[in-house]
Amino acid sequence: MTVPLLSFLAEYAGEQLPAAIEDLTWQAEQEGITLADAIDKYGWQVPFAELVQEVRLAYPKSFAGARILSEERTSWIAFKEGAPATALDVVAKFPRGVEVIEDRGFSEAELDAQLREVDRKSTRLNSSHTDISRMPSSA
């Protein structure tokens, strides 16, 4: 565990630090790892999710997704084209390295819109088909 990560967790959690440490202690016991390992493995994940939400809201036309890879203890954040410079600044301040993926070719909003369209068409097609009745049970 790096001291900057623990300092970040303390700053992030504020008054909730004792509860966060209690949760991480429980997680460490469940996995048979040290508290330091639990902090290194999990202590940054909620703040990362909040960072992702901040970027998602600030750059809806560019944001193309994000993921935490728990076993590797890494994460990535992706953009449709080049990452906005201000988004890169926000990501660079995060205490744990975040891989930035550019030129994904689509934004999360565009993907969501396409999925909704496919679902809408699928629902419309399904509702236009008539069900084939089974033979009555009295026959």
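The stops below go from a pocket to a helix and then to one residue.

This is a predicted model, in which local features need pLDDT of at least 70 and side-chain atom pairs count only at pLDDT 80 or more, while totals for chains, interfaces and linings use all residues. Residues are numbered from 1 along each chain as its sequence is written, and side-chain values use heavy atoms, with hydrogens and water left out.

Begin by selecting L9, Y12, A13, A20, D23, L24, Q27, Y42, G43, Q45, V46 and P47, the lining of the largest pocket. The space in this pocket is about 240 Å³. Colour next by helix (a DSSP run of H or I, at least four residues, numbered from the N terminus): α1 (3-13), α2 (17-31) and α4 (45-58) each supply at least two lining residues, and α2 gives the most, with four.

Now select α4, whose 14 residues reach 20 Å from first C-alpha to last, close to the 20 Å expected at 1.5 Å a residue; that expected span is 1.5 Å times one less than the number of residues. Within α4, Q45, P47, F48, L51, V52 and V55 are buried (under 20% relative accessible area, with a 1.4 Å probe and protein chains only). Viewed down the axis of α4, these buried residues fall within an arc of 155 degrees, so they line one face of the helix, the arc being that of the directions from the helix axis to the C-beta atoms. On the other side of α4, V46 and L57 are exposed (over 50%).

Finally, centre on P47, which has a relative accessible area of 6%. Beyond residues up to four places away in sequence, P47 touches F8, Y12 and F94 (heavy atoms within 4.5 Å).

Conventions. 1 Å grid on protein atoms, 1.4 Å probe; cavity = no way out; pocket = protein on both sides within 12 Å on 5 of 7 lines; lining within 4 Å. Points joined across faces, edges and corners; volume = space filled by probe spheres on them.
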